[in-house]
Amino acid sequence: MAGQGTPATALLTKRKISHSTHPYDVSPDAPNYGALVAAALGVPPERVFKSLVTEVDGELTVAVVPVTGELDLKALAAAVGGKRAALADRAVAERATGYVRGGISPLGQRRRLPTVVDASASTHPTVYVSAGRRGLQVQLAPGDLVALTGARTAPIAAG
């Protein structure tokens, strides 16, 4: 793992959470980025999750949804007891998490934000999320992801 350390992988190692890292080479500006990442990793796309920083009633919240679908903003707002949700500004998301777009991990963020993981994650033995750097995913059990982020689970993906 030399050269692959990120705050996310450091957290997993420190907590002795079973995980594996998986490098890939996909341009972050490529259309259908998530599906390309899944293909590069050779895993079904419904097991690869993206982390989206949102604002729910003005509070930053992380939504973790499969790359195969979109985030249902109304469902996210309802899941955290809010009224309105919108995607956060890129600069705000990067500043709050300490990560760059295309590499925002739900783990090891600069500031621990409220997190909602789509309920579909629990249907898989393991899921893949960003390891905190473009070109690197981490595979772990969905229960560990939920526990480490303090997340709640809810059906927040559309499509």
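Lys16 sits in the loop between H1 and strand E1 (19–23). Helices (H or I, at least four residues) and strands (E, at least two) are DSSP runs, numbered from the N terminus. This is a predicted model, in which local features need pLDDT of at least 70 and side-chain atom pairs count only at pLDDT 80 or more, while totals for chains, interfaces and linings use all residues. Residues are numbered from 1 along each chain as its sequence is written, and side-chain values use heavy atoms, with hydrogens and water left out.

Asp57 lies in the loop between E2 and E3. Most residues other than glycine have a negative phi. Exposed means over 50% relative accessible area, buried under 20%, and partly exposed in between (1.4 Å probe, protein chains only).

Now the interior. A nonpolar core is a set of buried Ala, Val, Leu, Ile, Met, Phe, Trp, Tyr and Cys residues joined through side-chain atoms within 4.5 Å. The largest has 27 residues, and Val53, Leu107, Val129 and Leu145 have the most contacts inside it. At least two residues of this core come from each of H1 (7–14), E2 (49–56), E3 (59–66), H4 (90–97), E7 (127–133), E8 (136–140) and H5 (142–149). A second, separate core has 12 residues, including Leu71, Ala75, Ala77 and Ala154.

Which residues does Leu145 touch, not counting residues up to four places away in sequence? They are Val64, Pro106, Leu107, Val117, Val127, Val129 and Leu140. Contact means heavy atoms within 4.5 Å.
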